[in-house]
Structures are given as structure tokens and as C-alpha cells.
Amino acid sequence: MDTHKTKLVLQNILIVTTIFVTLISTFCAASGVEQLDSMVEEAEDHLAYPSTANWIDELNGMEDEEWAMVQKKGNQFVVNDQPFYINGFNTYWLMVFAADQSTRGKVTDVFKQAASVGLTVCRTWAFNDGQWRALQKSPAVYDEEVFKALDFVVSEAKKYKIRLILSLTNNWDAYGGKPQYVKWGKAAGLNLTSDDDFFSHPTLKSYYKTHVKAILNRVNTITNITYKDDPTVFAWELMNEPRCTSDPSGDKLQDWIQEMAVFVKSVDPKHLVEIGLEGFYGPSTPDKVQFNPNTYAQQVGTDYIRNHQVLGVDFASVHIYADSWISQSISDVHIQFTESWIKAHIDDAEKYLGMPVVFAEFGVSTKDPGYNTSFRDTLFNTVYKTLLNSTKKGGSGGGSLLWQLFPDGTDYMDDGYAIVLSKAPSVSNIIALHSTRLALFNSKCALKCKWGCRKRSPLEFLYHDDL
């Protein structure tokens, strides 16, 4: 750590310790509880970007704990029996960039910059089916150099204390996905009439299962750790945004989810599994479809509550795209929808599912009519504050993953949603502050300890349940 950074950390520690001492003194007076929230905010104000990462390292790294597997306990994630609320991001192209020496450095840049604002989970693709720089060139045939690139992504993530949600295929044709599996099937002489045959045809299902086994049983050539044994992997995602429009009843997709969730668990019982759904309410809950962004959403063959009640699925996934689902033009309606969408899914995860829910994609496009950075800041604040209200009461709001984080020099890949931290100071500060807040919660001692634990940081008092 350089002298400047060291000074920043020491300043932060001094400031927070001073606040902590004041807090304890104040608690001796009758007005202590009333002042708790304002003191927390005061502490947080001093922990904002760019010094956030330094302090979070101090907060989370005072003891060299084992890099342990993320687990689920009730409706919360835990690591070493400590809470693990996540602030994360998406960067889907990491494997493809790692496969080329000229772009491999961008993978390191993404993780380094994500860590600088306290992001702890990245969602990325563990597939590229039959496309340019394909991982899976044809069913069960893999490009070893591209697989080594994925090895690099996994090993590099661990260096920066970032865990990975690895998605196993795509509903869409980008990077191959469902349409590519159907093309392979047709080339093999199968009588296929729809891309949705992916979900029901035995041969196509066998292709998918073979891919699952190839990824989960892969021995990383850099770390020598098998993927299914690596705590760097947060979870396996069955598919990015699965839809089965040919069967609005949802039965076909439900059967596929049931089969594949159990199959993944049979290969790897240690890691968490999620589906990759967008979160649309379906036929099984007609009273819930009012929360959907439009009427079409209930006709795409997905069913938020029913799908997540499947054996083998550990937590729920939801996406948030008001500008794609409601209207492209920016408006306050987007913010209102985002808040109600999050609350509804957290409530249902608590009442019906008994599991955490992760809002695995959210963002707003700079290409939308009426877009401005102030609106993006408001959207991010809405997502984070709504989730934080769940976090504070130990609810099912497990975390969120922004779409999407890019490093400098990758603007040509921008779909409109990319955030380059160096060019977006206001949203960078919002991200960093949310990371700090979650780090406070994640550093809490166990709920039943009754102050018997060793305190790792004065900040633990700020949110301790016994206060």
C-alpha cells in the first residue's frame, strides 16, 4: 500500500473510531438510540469512494479467514456463518477477452476497479456455443485455449476477493445459447420445429448436461482446483433469462428447471444453484401479475414463485429493466416500478420461497430518450435503498448486480448500460457507499453471540442488534 493510501486508511480509522467513542458515550445518555442512524450516516460519509476499498479491506480482512464456500441459511447468504449481503456487477465477456493476450489485461482491470468500490460478486458467462472464439465448438467438443481463458477469469477473481456467478447457457442467440443447441440438433438430423425444443428434446437436454459436467468437473490449469470445489464460484446459473413462449402455461420450462437443477446438484452438491429468471409472475399466481411490467410478461412461460419452488434451487433471481419493459423514454414511472418490483419479489421470497433473492441485472441505458446521469443515480439509489431496508431487518433481499461494469478502453462494447467508473464519479460514489453499508452488516457478529464475540472493528457496534 502506498503512503497516500496508508494515510487515507489511517484517517478513516481515526475518524470512525472517534465517532464510535462518541457513540458509546452518547449511549450512556437517554438520547442514544435516537442518534444512532445519524451517526451511522456520519461514519458512512467518511468512507465513500475512492478510499472505500481500503477501509473495506480493513473491515473484512483483519483476520485471514479461510476463503470458504458461500452457503444459504434460511433466507440469507452466509460465509463462515457470517452474513454475506452482496453488492455486485455483470461483465459477461470476461472469458472471451481472456482468450486473447491483447485484451486479457482488461479482465484484471475489471476486477481491480470493482474491488476499488467494494463490489464482491461478478456474474459472467461460462459458455460460448459455436460462435467466434467458442468454448464449446460443437456438442462436447471444447477449445482448450478458451477453457484456459475461463481458468484465468476464475483465478483472477479470487485475487481480488470477488466471487463468480457462472451462467451455463443463454436463452438468446448471443454467444450461441438455446438457438445454437437447436442448430446442432438439426445438423444431427433431429426433427426440431422451435428453439423451445431445447427444453424438451432428450438429445438437446443431453447436450446441455454434457456441458454442465464439462464446466463443473473442470480442473483449473492455474489453481489446480476443480470448479465444483472452488469457493470462488458463488453459484451456478442454469440459463440467462430462460423463456419458453411456445408454452405460456409454464409447464415445459418448469419440467426443464426441475430436471436440470437436480442434475447440477448431483454433479456438485456444494455450490448454490439459481435459475437465471427475469422474475415475471405467471399463471400459478394470477393475483401477482399486476406487478409485471406489461401483459406480455405473463405469457413467456416463466413463473417466478412456481419456478423457484423447485428442489435444488437455492435462491431466486430477478432482473430489472423498466426502460426495456415499460417504455424507453425516461420517466418517474420507471423509478416507481423499480421500487414496487423489488419489494414484491422480496416479500414473496420471504412468504412463499424461504430463500434469498438476488436482483441479478439492473441498469438504465444512456441511449434512452431523456436519459441523464441524475436519473441513473436515482435509479441506483432506489435499488440500493430498497434492498437495504430488507437487509436491516434480516429479510430476503440478498443483493444486486448492476448491468454492467466495463473498464477504460472497452467503450466499443457498450450496449448503453456500461458503467466505466472513471467516467461516472457520481454513480461510483453511490456504489461505493452501498458497499460500505453492506460491509458493516457483513462484519456483524452472529445474532446469538450476545456480545460474547471478539469485535473486529468499532463499526460493528454501529449496527449491532443488541443496541
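Which residue's side chain is joined to that of S284 by a polar contact? To find out, open this predicted model and follow the stops below.

**Stop 1: S284.** Select S284, in the loop that runs between β10 (272-274) and α10 (304-308). Its relative accessible area of 41% makes S284 partly exposed. Next, display D303 and R306, which S284 touches when residues up to four places away in sequence are not counted. The opening question is settled here: the side chains of S284 and D303 are joined by a polar contact of 2.8 Å.

**Stop 2: E241.** Move to the loop between β9 (233-237) and α9 (251-267), where E241 lies. E241 is not a glycine, yet its phi is positive, at about 55°. This residue is buried, because its relative accessible area is 9%, under the 20% limit.

**Stop 3: K161.** Select the loop between α6 (144-159) and β8 to find K161. K161, also a residue other than glycine, has a positive phi near 55°.

**Stop 4: Q404.** Continue to the loop between β13 (397-403) and α14 (425-442), the place of Q404. The peptide bond that joins W403 and Q404 is cis, with omega about 5°.

**Stop 5: confidence.** Finally, colour the chain by pLDDT, which averages 87, with 81% of the residues scoring at least 70.

Conventions
Residues are numbered from 1 along each chain as its sequence is written. This is a predicted model: local features need pLDDT of at least 70, side-chain atom pairs count only at pLDDT 80 or more; totals for chains, interfaces and linings use all residues. Side-chain values use heavy atoms; hydrogens and water are left out. pLDDT is the predictor's confidence in each residue, from 0 to 100. Helices (H or I, at least four residues) and strands (E, at least two) are DSSP runs, numbered from the N terminus. Buried means under 20% relative accessible area, exposed over 50%, partly exposed in between (1.4 Å probe, protein chains only). Contact means heavy atoms within 4.5 Å. A polar contact is a pair of N or O atoms within 3.5 Å; within protein, one must be able to donate a hydrogen and the other to accept it, and residues adjacent in sequence count only if both atoms are side-chain atoms.
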